[in-house]
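Colleague: Can you walk me through the ligand site in this one? I'd like to go question by question.

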Amino acid sequence: MSENEKEEQKPAGPPQDLKDMADLVSLCKRRGFVFPSSEVYGGINACWDYGPLGIELKRNVKERWWRAMVDREDVEGLDAAILMHPKVWEASGHVAGFVDPLVDCKKCKSRFRADKIDAEAMKSKKCPECGGELTEPRQFNLMFRTFMGPLEDAASVVYLRPETAQGIYVNFLNVQQSTRKKVPFGIAQIGKAFRNEITPGNFIFRTREFEQMEMQFFVKPGTDVEWFERWKQTRIEWHLANGIRKNKLRFHEHGAGELAHYAKAAFDIEYEFPFGWQELEGIHNRTDFDLGRHQQFSGKKLEYFDEEHRERYLPYIVETSAGCDRTLLVALADAYRFDGERVWLALHPHLAPYKVAVYPLMKKPELKEYTETVYADLKKNFRVTTDEAGSIGKRYRRQDEIGTPFGVTIDYDTLSNHTVTVRHRDSMAQERVSTDKLSGYIQDKIHNWEK
Ligand code: ATP
């Protein structure tokens, strides 16, 4: 073992969690996870671009969600258009009711959502920022409007969808009839949604353009309460399986005042961010509200016919609605660790952009050649990267910061005995493993991964 490797085994102190979002924002920019959108023009408020590592992480999040939701006998996938018939949004209640109460400070011009500021501040009409006078709340519709075709008149108004769910409801019978699915079954979709949020912020937590991962499960009325419970459990377990720490997740039940117009029951899965407990995913019992409204507004029957019992009914819907960007933010925020000197992302290997980094201990041709062979071999099974710049300690640190769980170092002993050093990101422990067992060894560690 080289001096560098010995040195690197000592943690500087106990691991600390992320305390300040600014540390994560700067890591994400520095290492290519997330960049401010249109940065050369000074950025555009609340829009973000995913860089090379961010997109890998995002794809991993989506792939895990898709496989968990759609690789079941009772769920099918869908990809509906972002632009929909404008009547959809009348039926859904969004034209009339997708509004947030907006208040402005007359003095400092800050803008707030009246429902998100302190009750005291609202009562006294005092700005929480500067104490200035607040305006009366005004209702502000969050949907982005645009025009379809060359005429910019009222008849050509269309909306950028504020949720993916409606594309699922209006396709309920298309999917049911084409797949010959029987109720209970679900339809899952991942896609962009747009909301003209009054107070976006906290990095990618609340943005104006984001991706949702939604699943609508159609059930026979009367079985909805049981399915609701099942989906609550299934969804929280999914977040745990992504390695999110249990004590950072909780359910929050919507009280009578909080319930949306369509919901019979609603629970949020919340995560404890550095800025407090916040919603990550919503699980809603939407009753037959959605299908009922689309049936009413379209004039088309959307009932399900149960052939076995010869009965027709409008199914109830249990919805699970997660933000993809928010899930990614949770993964990063939960994984961020600092020991006083070293920063690392303790990402679950399934989410990590790279699973393995392979390095020659020194820039010597014989070590580089061996490294290339190991690299090519590992690449058959994993996303691998390599790095030969700087001391081995520095290279480990660079991979720690992007959450690569395993480092593999090729040194002079490798040439004689065909063993390599495997270095573990979280513990910094090192082991010698023979090259012919390396792939299996890593596979095994990922499979049996524990926090
Ligand atoms: P809030 O009341 O905080 O605005 P919501 O209750 O309207 O949010 P839902 O409509 O239930 O949110 O959306 C489902 C999920 O979509 C949320 O749990 C969140 O993960 C994600 N989401 C909603 N709005 C945004 C946004 N502006 N930016 C990023 N993700 C969002």
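This is a predicted model: local features need pLDDT of at least 70, side-chain atom pairs count only at pLDDT 80 or more; totals for chains, interfaces and linings use all residues.

Modeller: Residues are numbered from 1 along each chain as its sequence is written, and side-chain values use heavy atoms, with hydrogens and water left out.

Colleague: How far is an N or O atom in the side chain of Arg-195 from an oxygen atom of the ligand?

Modeller: I'm counting polar contacts here, meaning pairs of N or O atoms within 3.5 Å. Gln-212 brings a polar side-chain atom to 3.3 Å from a ligand oxygen, and for Arg-113 the separation is 3.2 Å. For Arg-195 it's 2.9 Å.

Colleague: Which strand gives the largest share of the shell around the ligand?

Modeller: Strands here are DSSP runs (E, at least two residues), numbered from the N terminus. The shell has 16 residues, counted as near if a heavy atom lies within 4 Å. Four of them, the largest share, come from S13.

Colleague: Why is S16 largely enclosed by the rest of the structure?

Modeller: Buried means under 20% relative accessible area (1.4 Å probe, protein chains only). Tyr-316, Val-318, Thr-320 and Ala-322 point one way from S16, with Ile-317, Glu-319, Ser-321 and Gly-323 pointing the other. S16 is largely enclosed because eight of its eight residues are buried.

Conventions: A polar contact is a pair of N or O atoms within 3.5 Å; within protein, one must be able to donate a hydrogen and the other to accept it, and residues adjacent in sequence count only if both atoms are side-chain atoms. Helices (H or I, at least four residues) and strands (E, at least two) are DSSP runs, numbered from the N terminus. Buried means under 20% relative accessible area, exposed over 50%, partly exposed in between (1.4 Å probe, protein chains only).
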